[in-house]
Amino acid sequence: MFVTSFNVIVLGSALLSIVGDRPSNRTLHYIFKPVTMLLLIGYVMVQGVPDNTFAYAMFVGLLFSLMGDVFLMLPKERFIEGLASFLIAHIAYIVAFYQLFDWQLTWWWALSLAVFAILFYSLLAKHLGQLKIPVIIYISVIIAMVWLAGELFWQSSNYLSLTLLVGACVFACSDSVLAWNKFKKPFKGAQWAILLTYFFAQWMLSQAILLS
């Protein structure tokens, strides 16, 4: 009952953040975007972070994601600081995933992700200006996170590895839509797509901590 109620509260907070993300009045967004992440972090803390490197690294990822949220939603947007915070969050998730990795490589998965990353970057490149190198680094890191999550799933198809794979892939989708909307071509409904996938990804990753 508590878990169901908590999930409803998280969903409500996330929706208030999304609804409030509009130029005319972003008060709801400023309040509920960090509140949604704080709810996830608080829930994990109440349930108890398992005493292992995987769980600690995942928890660090949540904390730096919260920091990135704050930077990106400030009235004077701090995109570089937000990008750096999420970069650290993704690295923390990679460190966590690595704890479960047994070095069984799946070549077709790695190749598919590499091709996607190269094609996606090529579509954005001429619009990036001075951000080309930071974006290359960021894309490389998030693709590495998705690749490692996939390897864990092919290695052991259990509920934890499925949760990590879904969370990582949806996170990558959220970042891809954000990048396309910001650098390539803004489109109607982008913020709904970005934030719904973002919050769902973070919810999945927070659940993975408790499964470890």
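Which helices each supply at least two residues of the nonpolar patch? Hold on to that one while we get our bearings. What you're looking at is a predicted model, and its chain has 8 helices and 0 strands. Read from the N terminus on, the elements simply go α-α-α-α-α-α-α-α.

Let's start with the overall shape. The C-alpha trace spans about 50 × 45 × 25 Å along its principal axes. A compact globule with 212 residues would have a radius of gyration near 17 Å, and this chain has 17 Å, so the two agree. Contacts tell us how the chain folds back on itself: among those with a separation of 6 or more, 73% are between residues 24 or more positions apart. Of the 212 residues, 45% count as buried.

Now back to the opening question. The answer is helix 1 (2-19) and helix 8 (190-211). The patch itself is made by Leu11, Leu15, Leu16, Val19, Leu28, Trp192 and Leu196, and covers about 570 Å². Helix 1 gives the largest share of the patch, 4 residues. Take leucine 16 as one of the patch members. You'll find leucine 16 in helix 1, and it counts as partly exposed because its relative accessibility is 34%, between the 20% and 50% cut-offs.

Next, go inside. In soluble globular proteins, nonpolar side chains tend to be buried together. Here the largest nonpolar core holds 60 residues, and the ones that touch the most other members are Phe54, Met58, Tyr93, Phe97, Leu164, Phe171 and Phe183. Which helices take part? Helix 1, helix 2, helix 3, helix 4, helix 5, helix 6 (132-155), helix 7 (159-184) and helix 8 each supply at least two residues of this core. The largest share, 11 residues, comes from helix 6.

Leaving aside its neighbours within four places in sequence, phenylalanine 97 is in contact with Phe54, Met58, Met145, Leu148, Ala149, Leu152, Leu164, Ala168 and Leu205. Three of those names, Phe54, Met58 and Leu164, also turn up among the residues that touch the most other core members.

Charged side chains have a story here too. How many salt bridges does the structure hold? It holds 1, where the side chains of aspartate 69 and lysine 33 meet at 3.5 Å, N to O. This pair links distant parts of the chain: aspartate 69 sits in helix 3 (residues 53-73) and lysine 33 in helix 2 (residues 27-47), 36 residues apart. Are these two partners buried or exposed? Aspartate 69 has a relative accessibility of 1%, so it counts as buried. Lysine 33 comes in at 9%, and therefore counts as buried as well.

Last stop: a loop. Threonine 106 lies between helix 4 (79-98) and helix 5 (107-124). What does threonine 106 touch, once its neighbours within four places in sequence are left aside? The contacts are Glu151 and Trp154.

Methods
Residues numbered from 1 in each chain as written. Predicted model: local features only at pLDDT ≥ 70, side-chain atom pairs only at ≥ 80, totals over all residues. Heavy atoms only, no water. Contact = heavy atoms within 4.5 Å. Patch = residues over 30% accessible without salt bridge, like charges linked within 9 Å, V, L, I, M, F, W, Y side chains within 5 Å. Areas by Shrake-Rupley, 256 points an atom, 1.4 Å probe, with all protein chains shown as cover. Salt bridge = Lys/Arg side-chain N within 4 Å of Asp/Glu carboxyl O. Buried < 20%, exposed > 50% of the residue type's maximum accessible area, 1.4 Å probe, protein only. Rg over C-alpha atoms; globule rule 2.2 N^0.38 Å. Core = buried A, V, L, I, M, F, W, Y, C linked by side-chain atoms within 4.5 Å.
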